[in-house]
Amino acid sequence: MKDIIVIASGKGGTGKSTVAVGLGTVFANEGFRVLLIDCDSGMRGLDIMLGITQNLVFDIADAVSGSCTVENTVYPCPGKKGLFLMPAPLNAYDEIAPQVLGQLVEGVADLFDYVIIDSPAGVGSGFEAAAYPAMRALVVVNAEPTSVRGGQNVAGKLRSCGIEDIRLVINRFNKNTFRKMGLYQDLDEIIDITTLQLIGIIPEDYALAAAIQSGKSGDLSCPAMKTLSRISARLQGRLEPLLIK
Ligand SMILES: Nc1ncnc2c1ncn2[C@@H]1O[C@H](COP(=O)(O)OP(=O)(O)O)[C@@H](O)[C@H]1O
Ligand SMILES: [Mg+2]
């Protein structure tokens, strides 16, 4: 049974792409076939994070223009069994319309257990396209007011796109920084503002950032990847404690 999940945030730089690649890697390591779709037209980055930039010939825009088949835009990630990427158009003006992306995803979704769509920042047309095919959503925020407001806004937009199953991920969490900044009493305050159910708190973890930025997301031993494994379990309906260190 396939599941199509959009990763959104409203505000840029909260860690959507990092979460998309990390979660995709966890699912693939569990034996699932996973398609990551990069929807950040003109600003794509998942190919770097997956270490396959050199292999790319076609992207989503080529499938839309008819220069290639949809299958031609699906690339296996070397060394990551079960993980595939559909790259975003190189140029921002090649942004894909929501219904068109919906048709492309429909054409390949049955080949995969999970389709993870990495949304661009904002709630504009790129976000609308990314959300269109999705059955559920993860909203990624950092523990800062501007980011939390972005999460609140994007949650409302996701609901107006018909997506009801929306979970909150608090990313780059550092307990000491959180206390020192004193912006919130506790994490419940953030959860209440976003109106979303929490699915995981990913620690600030430079081992994860470095592994993913260098295209080596395979190492599951760092703390952030362990949290992503628990998020994966919760997405699959298994009860895992929300550990906060
Ligand atoms: N849990 C984390 N710990 C440390 N750095 C992180 C974490 N998640 C993301 N980052 C870093 O934050 C920056 C933005 O991440 P990225 O995934 O590109 O965000 P977005 O896709 O939302 O723009 C990158 O430098 C990335 O390495
Ligand atoms: Mg991104």
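**Figure 1. Ala63 in helix α3.** Ala63 sits in helix α3, residues 60–65. Helices (H or I, at least four residues) and strands (E, at least two) are DSSP runs, numbered from the N terminus. This is a predicted model: local features need pLDDT of at least 70, side-chain atom pairs count only at pLDDT 80 or more, and totals for chains, interfaces and linings use all residues. Residues are numbered from 1 along each chain as its sequence is written, while chains are lettered from A and ligands numbered from 1 in the order in which they are written. Ala63 is buried, with 24 other C-beta atoms within 10 Å. A residue counts as buried if 20 or more other C-beta atoms lie within 10 Å of its own, exposed if 12 or fewer, and partly exposed in between, with C-beta atoms placed from the backbone. Setting aside neighbours within four places in sequence, Ala63 contacts Phe58, Cys68, Thr69, Val70, Thr73 and Leu104. Contact means that two C-beta atoms, placed from the backbone, lie within 7 Å. Val169 is 106 residues from Ala63 in sequence and 32 Å away in space, C-alpha to C-alpha.

**Figure 2. Ile231 in helix α10.** Helix α10 spans residues 223–235 and includes Ile231. Ile231 is buried, with 22 other C-beta atoms within 10 Å. Beyond its neighbours within four places in sequence, Ile231 is in contact with Leu23, Val169, Ile199 and Gly200. Ala137 and Ile231 are 94 residues apart in sequence and 13 Å apart in space, C-alpha to C-alpha.

**Figure 3. The two faces of helix α4.** Leu101, Val105 and Val108 are buried in helix α4, residues 98–108. Seen down the axis of α4, the buried residues fall within an arc of 70°, so they line one face of the helix. The arc is that of the directions from the helix axis to the C-beta atoms. An α-helix has 3.6 residues a turn, so residues three or four places apart point the same way. The buried residues of α4 pack against β1 (3–8), β2 (34–38), β5 (114–118) and α5 (125–131). Exposed Gln99 and Glu106 lie on the face turned away from the buried side of α4.

**Figure 4. The largest nonpolar core and Ile7.** The largest nonpolar core has 74 residues. Such a core is a set of buried Ala, Val, Leu, Ile, Met, Phe, Trp, Tyr and Cys residues joined through C-beta atoms within 7 Å. Those with the most contacts inside the core are Ile7, Ala8, Val34, Leu36, Ile116, Ile117 and Val139. Helix α1 gives the most to this core, with 7 residues. Not counting residues up to four places away in sequence, Ile7 touches Lys16, Val19, Ala20, Ile116, Ile117, Asp118, Ser119, Leu138 and Val140.

**Figure 5. The shell around ligand 1.** Ligand 1 is surrounded by 18 residues, the closest being Gly15, Lys16, Ser17, Thr18 and Ala209. A residue belongs here if its C-beta atom, placed from the backbone, lies within 6 Å of the molecule. The elements giving two or more residues to the shell are α1 (16–29), β7 (166–173) and α9 (206–213). Helix α9 supplies the largest share, 4 residues. By class, the shell holds 5 nonpolar, 9 polar and 4 charged residues. Ala, Val, Leu, Ile, Met, Phe, Trp, Tyr, Cys and Pro count as nonpolar, Asp, Glu, Lys and Arg as charged, and the others, Gly among them, as polar.
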